[in-house]
Amino acid sequence: MDTSTRNALCTILLLAVLAAVLYVFQKHGTEYQIRILNNMAIFITLAVSYNLVNGFCGILHLGPNAFITIGAYTSALLTMSPAEKQLSFIIEPLIWPLSVIQVPFAVSLIAGGIAATFFAFLISFPVFRVRGDYLAIVTLGFGEVVRVLCNAMQSLTNGPLGLKGLTPYTTLWWSWGVAVFTVVVITKLVNSSYGRAMKAIREDETAAKAMGVDPFKHLLLAFLVSAFFSGVAGGLLAHLITTISPTLFTFFLTFNLLIIIVVGGLGSTSGAVIAAALFAWGGEALRVVESPMNLGFITIPGIPGMRMVLFSIILMVVILFARRGIMGRSELSWDRLFTALRLQTKA
Amino acid sequence: MNDFFQLDNLVMQFGGLTAVKDFSIIIEPGELVGLIGPNGAGKTTVFNMITGFLTPTSGRVLWQGRDITGWPPHAVTAQGIARTFQNIRLFTDMTVLENVMVSFHHTIRSRFWKAMLGLPSHKREEKRIEKEARAFLEELHLGHLADEKAGSLPYGQQRRLEIARALAARPKLLLLDEPAAGMNPQETMELAKLVREIRDRRRLTVFLIEHDMKFVMGLCERIKVLDYGITIAEGSPSEIQRHPDVIKAYLGEPKHA
Ligand SMILES: Nc1ncnc2c1ncn2[C@@H]1O[C@H](COP(=O)(O)OP(=O)(O)OP(=O)(O)O)[C@@H](O)[C@H]1O
Ligand SMILES: [Mg+2]
């Protein structure tokens, strides 16, 4: 058996195990466990697609929350029934034709992705005229602009009231299906000639140009692909929490994603997956630090936001002491695993 | 008029400083031409204007019958002009093989979505690129280092890799900016041999900048000398060595009072 067949078999086996685990949880898991698993999958999708731009292209893009917002709103507006929309939009009615359209969940997710991609395309020209800190500031600005627009465009987003009572379509199958697809597709992209061109831009943009790589074209490609999956994940998120409003997807969300990809290792998809899973799990598990604690002699009142403090400390520790994060720029692969196992058995 | 390569009265001004003034040259296919001059003479600036990193203040770059002045660098490379850099600019965190494979990227036909879906037609192209990249490395005697990180190579090998990477872009004209800088005499000699070899084997045209006089005089068939952006001499190595202005420029006689 050659290694590529072996690797393919291993991958199929892993997916089968994942499917079995999801099946068990979907059937017997508590609501709490299912929520954590859904969060994990969505954060994996978000982190892996964010990492494509920040990790592989070496661009400091600070506006993924804009794409998530657009995906979430688009997808939500498309799955609500006309009657629900009429009930929700009490201050100003929703504009036609959105007011009468209703599509299946899958279609709404793709539409969310496409809407986010379209927006990314529109802002790409100003964004990629600059680099470094300037690019970070421009993208940060667009993230804020989208939030403000969501507040202001009553007849499209229902303003500060947001959209409530969405059908909870997001099951484990949907969230993990999207996560697996995203990881596979982005891994293939990153390992292709296109991915090499992106890494070359990250390493030395001048040299990359001299070798015939068009930086704008490749940064745009990464940016659009990343926006698409962020948009889809936004749709999943909307139909998981069933209520969305402009305050939900602030820079705070971007900051969380930044923590995830830095801790995972900028430029490592496996790192992003591991860190996203840890983050989603840790985010729930660490709720205890926000509840009142009785240390016997003293009772600490619950401090909301304590988890974020912890995450920020983790980020600082990683940046100060382990800048390459969990995985650095390397990836987990079957080849590496088997090599490691072989060494183990020999030793 | 020559159809292959011609620079026509190139001028480059940076604010008040004229870095290059009225630079003209015609290069025939297969020639090995040198560009020399003291530090700050404007040599690298000439290369930057050819490869699109700088847009000349005036003048034209003509390549195979086309005016390519001001084209973006990646487009110039795709037209068949590749270069190396004076201060090595490798993709240090990528392997030697990957460094060379980047240069093949502009030849790829399959679209990005084929890559994302891992379609067979794309995989075939990836295989082709890898095979050709390995062949390039063998040619430059770097084959055994294919899987090393470029940044971990010793200096001389890094210089060699820069040339391999530029060659992999399949140029007809190769521009080398101080390829022997920092090399020991042994490495410099090998480099001269290599440049002549690849020129002959690939029917390449080479235009190179170098401070090492022995290297330039031994290798180039024709030399141009720049001083303060002005062309002060042009001719065969022996003519250049005897040229009074060149001697003055290099001995640093205070002629620019
Ligand atoms: N982008 C730029 N902006 C402003 N000035 C520049 C720029 N590039 C080069 N110069 C100036 O133009 C002059 C020529 O520089 P250039 O790098 O072409 O010299 P050179 O002949 O390659 O020298 P060296 O042998 O030191 O490499 C120098 O005075 C340099 O400071
Ligand atoms: Mg120079």
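Tutor: A residue is near a molecule or strand if one of its heavy atoms lies within 4 Å of it. By that rule, 13 residues surround ligand 1. This is a predicted model, in which local features need pLDDT of at least 70 and side-chain atom pairs pLDDT 80 or more, while totals for chains, interfaces and linings use all residues. Residues are numbered from 1 along each chain as written, chains are lettered from A and ligands numbered from 1 in written order, and side-chain values use heavy atoms without hydrogens or water.

Student: Which residues are the closest to ligand 1?

Tutor: They are Gly40(B), Lys43(B), Thr44(B), Thr45(B) and Gln86(B).

Student: What makes the approach of Thr45(B) to ligand 1 a polar contact?

Tutor: A polar contact is a pair of N or O atoms within 3.5 Å. A polar side-chain atom of Thr45(B) is 2.5 Å from an oxygen atom of ligand 1, so the pair qualifies. Backbone atoms do this too: a polar one of Gly40(B) is 2.9 Å from a ligand 1 oxygen, and a backbone N or O atom of Gly42(B) also lies 2.9 Å from an oxygen of ligand 1.

Student: How do you know that Thr44(B) and Gln86(B) coordinate the magnesium ion, ligand 2?

Tutor: Donors are N, O and S atoms within 2.8 Å of the metal (3.2 Å for Na, K and Ca), and sites may look incomplete because water is not among the atoms. OG1 of Thr44(B) and OE1 of Gln86(B) are at 1.9 to 2.1 Å from the magnesium ion, so both count as donors.

Student: What makes this pair a tie between parts of chain B?

Tutor: Thr44(B) lies in helix α1 (residues 43–50) of chain B and Gln86(B) in the loop between β6 (81–83) and α3 (96–104) of chain B, so parts 42 residues apart in sequence are tied together. Helices (H or I, at least four residues) and strands (E, at least two) are DSSP runs, numbered from the N terminus.

Student: Why is Thr44(B) called partly exposed?

Tutor: Buried means under 20% relative accessible area, exposed over 50%, and partly exposed in between (1.4 Å probe, protein chains only). Thr44(B) has 24% and Gln86(B) 31%, so both fall in the middle class.

Student: What makes β2 and β5 of chain B edge strands?

Tutor: The open sheet has four strands in the order β2-β1-β4-β5 (chain B), with antiparallel pairing. β2 (17–27) and β5 (66–67) of chain B each have a single partner strand, so one side of each has no neighbour in the sheet. Helix α1(B) packs on this sheet, touching β1, β2 and β4 of chain B (contact: heavy atoms within 4.5 Å).

Student: Where is the cis peptide bond?

Tutor: It joins Trp96(A) and Pro97(A), with omega about 5°. Pro97(A) is in the loop between α4 (82–88) and α5 (105–127) of chain A.

Notes. Pairing = 2+ DSSP bridges. Axes fitted to C-alpha atoms, helices over the stretch in contact; angles between N-to-C directions. Polar contact = N/O pair within 3.5 Å; in protein donor to acceptor, adjacent residues only side chain to side chain.
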